[in-house]
Amino acid sequence: LKCFMFRNFLDEFRKQDTHIKIILFVILFIMIFNVFSYYHEFGYDGQDHKWYIEVLPLDLPTQNDTKEFFSPPLPYLLPSIIDSICDKLVEANLTSINCNIFYGNISQLFQLLMFLIILFCYLKILNLLSENRNYKNLTLILLLLIPVNYKTFVMIRGEPYVSFFFFLILYLLFSIISEDKDINRLDYVLLTLLMAGLGLSRQWGLLLLPGIFLTIFLVSKYKDKEFSKKYTRLVFSSSIFSFPLYFWFYIHLFLNYGSITAFNREPLPFNFLNQSTSFYFDLALADIFTRPIRGFSLENKLFPILYSETWGDYFGYFLITHAKGGLEANYEIVPYLGRVNLFALVPTFLFIFGIFYFFVIFKKLNVNQKIVYSTFLLCVSFMWIGYMWFVIKYPNYSKGDTIKATFILQLIQLLPFFGSIFVIHNLKNKWIFNLIYSVIIFILIYNIPAMISRYLGGYT
């Protein structure tokens with residue numbers, strides 16, 4: 001299977017235009033650089049993720065071991081096995097390497113590989129949706145210019161795994177739907193395992209399962225009866241069989257902490273008034289384009305923090321060092337991040353307009369496009385509703401520390417599909433399209449410093 005995917009990835013890469021190949025090479029270089037320069041403990045709650053790793057692989061951590069006790073174990077399994085082997089080699093005086101750095105780099109490289117597979121799935125899904133080269137190129141670039149991708153995938157945590165399993169599921173299902181292909185046992189096995197992996201990666205993965213399940217009704221509406229029966233059987237059976245493979249962990253949370261949604265702080269009863277009016281509506285325009293970091297007017301404001309975390313580093317775990325880990329503070333980068341936020345208005349508006357434009361153009365789409373884009377919208381909707389439930393139930397009025405773009409990375413990674421469909425269907429004039437495309441390329445290039453960690457050589 002690995003050889004098959006590798007050959008397919010190379011074939012897909014060879015098909016790309018020259019400028020896309022160059023962009024992919026640059027992105028790969030940046031991600032490799034980040035792996036060997038970013039120490040994983042600097043990530044969000046990095047030490048707690050480390051302590052989780054050190055309890056595995058033979059035990060599940062408790063709340064006394066780590067604040068991340070509520071997280072599913074799958075993302076920590078590989079680093080914990082590597083750490084255990086490394087520790088035994090060090091104890092036997094067979095090596096003197098630092099096991100923390102070693103298992104961190106191996107895990108980060110593995111997550112880099114997952115990102116490449118996500119790109120492969122992205123390209124394959126684009127091929128299923130359209131033969132329009134401009135559409136495919138624009139969608140891919142809109143994905144690659146988003147800095148939160150690079151920040152998240154260099155941290156050892158669950159969200160990269162959620163994206164990985166999610167896009168593999170989408171590619172598997174959409175390839176079945178678009179080709180009306182016969183469904184075999186391998187499809188059942190793959191979908192069951194991928195759904196289980198999604199559930200064991202992070203709680204956010206559970207928010208994507210309803211949208212995936214509802215593809216049954218989309219297929220029933222737009223495909224013939226015989227194929228719909230086979231597809232329904234596939235998704236329904238895989239959902240049932242995958243359930244015990246991942247839900248055991250949530251039963252463990254319920255038995256030990258009283259809730260399948262246990263977290264490291266006490267929840268409030270759900271009430272929109274848990275958060276202030278400024279949380280929902282204040283855009284912090286005084287600082288979002290000049291000082292988009294914590295300590296100013298963005299604190300505990302939903303959209304300004306999400307926006308600044310998507311395009312920059314509001315909390316300071318990737319670009320702004322805050323003099324952590326023995327490093328010098330580097331606040332001189334802050335004005336640049338303000339300009340990144342300003343230029344990011346272009347792709348952001350494309351994403352927003354694209355979602356609304358989907359309803360306008362819906363009748364003009366072919367059957368496969370209707371199913372795929374409706375699935376995207378369902379997944380975005382369920383993800384957003386679940387995330388809003390979370391930030392309202394667990395407010396932090398002084399920091400707003402549950403407002404992180406990393407938590408909704410999968411939602412963000414779907415938005416380029418909407419941004420590109422808006423451009424392609426509205427800008428028929430080649431000159432105007434080339435102008436917009438050039439602006440997007442410029443923003444990608446301008447964002448490159450925001451993709452490269454400044455935690456160089458830092459260590460705790």
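## Disulfide and cysteines

The link of Cys86 and Cys99 is left-handed, with -85 degrees about the S-S bond. Cys86 lies in helix α4 (residues 74–91) and Cys99 in helix α5 (residues 99–129), so the pair ties together parts that are 13 residues apart in sequence. The model is a predicted one, in which local features need pLDDT of at least 70 and side-chain atom pairs count only at pLDDT 80 or more, while totals for chains, interfaces and linings use all residues. Residues are numbered from 1 along each chain as its sequence is written, and side-chain values use heavy atoms, with hydrogens and water left out.

A disulfide is here a pair of cysteine sulfur atoms within 2.5 Å, and the structure holds 1 disulfide, in which Cys86 and Cys99 are joined with an S to S distance of 2.1 Å. Both Cys86 and Cys99 are buried, where buried stands for under 20% relative accessible area, exposed for over 50% and partly exposed for values in between, with a 1.4 Å probe and protein chains only. Cys121, in contrast, is in no disulfide, and the nearest cysteine sulfur, that of Cys379, is 14 Å away. Cys121 is buried, at a relative accessible area of 1%. Cys379 is likewise in no disulfide, its nearest cysteine sulfur being that of Cys121 at 14 Å, and Cys379 is buried with a relative accessible area of 0%. The helices named throughout are DSSP runs (H or I, at least four residues; strands are E, at least two), numbered from the N terminus.

## Salt bridges

Side chains of opposite charge can pair when their charged atoms come close. A salt bridge is counted when a side-chain nitrogen of Lys or Arg is within 4 Å of a carboxyl oxygen of Asp or Glu, and a search of the whole structure finds 11 salt bridges. The table sets out some of them.

| Salt bridge | N to O distance |
|---|---|
| Lys50 and Glu41 | 3.2 Å |
| Asp313 and Lys151 | 3.8 Å |
| Asp401 and Arg265 | 3.0 Å |

Asp401 lies in the loop between α17 (367–393) and α18 (409–426), and Arg265 in the loop between α12 (225–257) and α13 (277–281), so this pair ties together parts that are 136 residues apart in sequence. Arg265 is partly exposed, its relative accessible area being 25%.

The salt bridge of Asp313 with Lys151, whose closest N and O atoms are 3.8 Å apart, links distant parts of the chain, with Asp313 in the loop between α14 (302–311) and α15 (334–343) and Lys151 in helix α7 (residues 148–153), 162 residues apart. Both Asp313 and Lys151 are buried as well.

## Helix packing

Two packed helices are described by the angle between their axes and the distance between the axes. The axes are lines fitted to C-alpha atoms, for helices over the stretch in contact, and the angles run from 0 to 180 degrees between N-to-C directions.

Helix α16 (residues 345–361) packs with helix α19 (residues 430–451) at an angle of about 125 degrees, and their axes are 10 Å apart. That makes α16 oblique to α19, since angles under 35 degrees count as roughly parallel, over 145 as roughly antiparallel, 65 to 115 as roughly perpendicular and the rest as oblique. On the side of α16, Val346, Pro347 and Leu350 meet Val439, Ile440 and Ile443 of α19, contact meaning heavy atoms within 4.5 Å. The residues of this contact of α16 with α19 divide into 6 nonpolar, no polar and no charged, where Ala, Val, Leu, Ile, Met, Phe, Trp, Tyr, Cys and Pro count as nonpolar, Asp, Glu, Lys and Arg as charged, and the others, Gly among them, as polar.

In a further pair, the axes of helix α9 (residues 185–199) and helix α10 (residues 204–213) come within 8 Å and cross at roughly 140 degrees. Met195, Leu198 and Gly199 in α9 meet residues of α10 that include Leu206 and Ile212, and by class the contact of α9 with α10 has 6 nonpolar, 2 polar and no charged residues.

## Backbone details

A cis peptide bond, with omega about 5 degrees, joins Leu56 and Pro57, and Pro57 is found in the loop between α3 (46–55) and α4.
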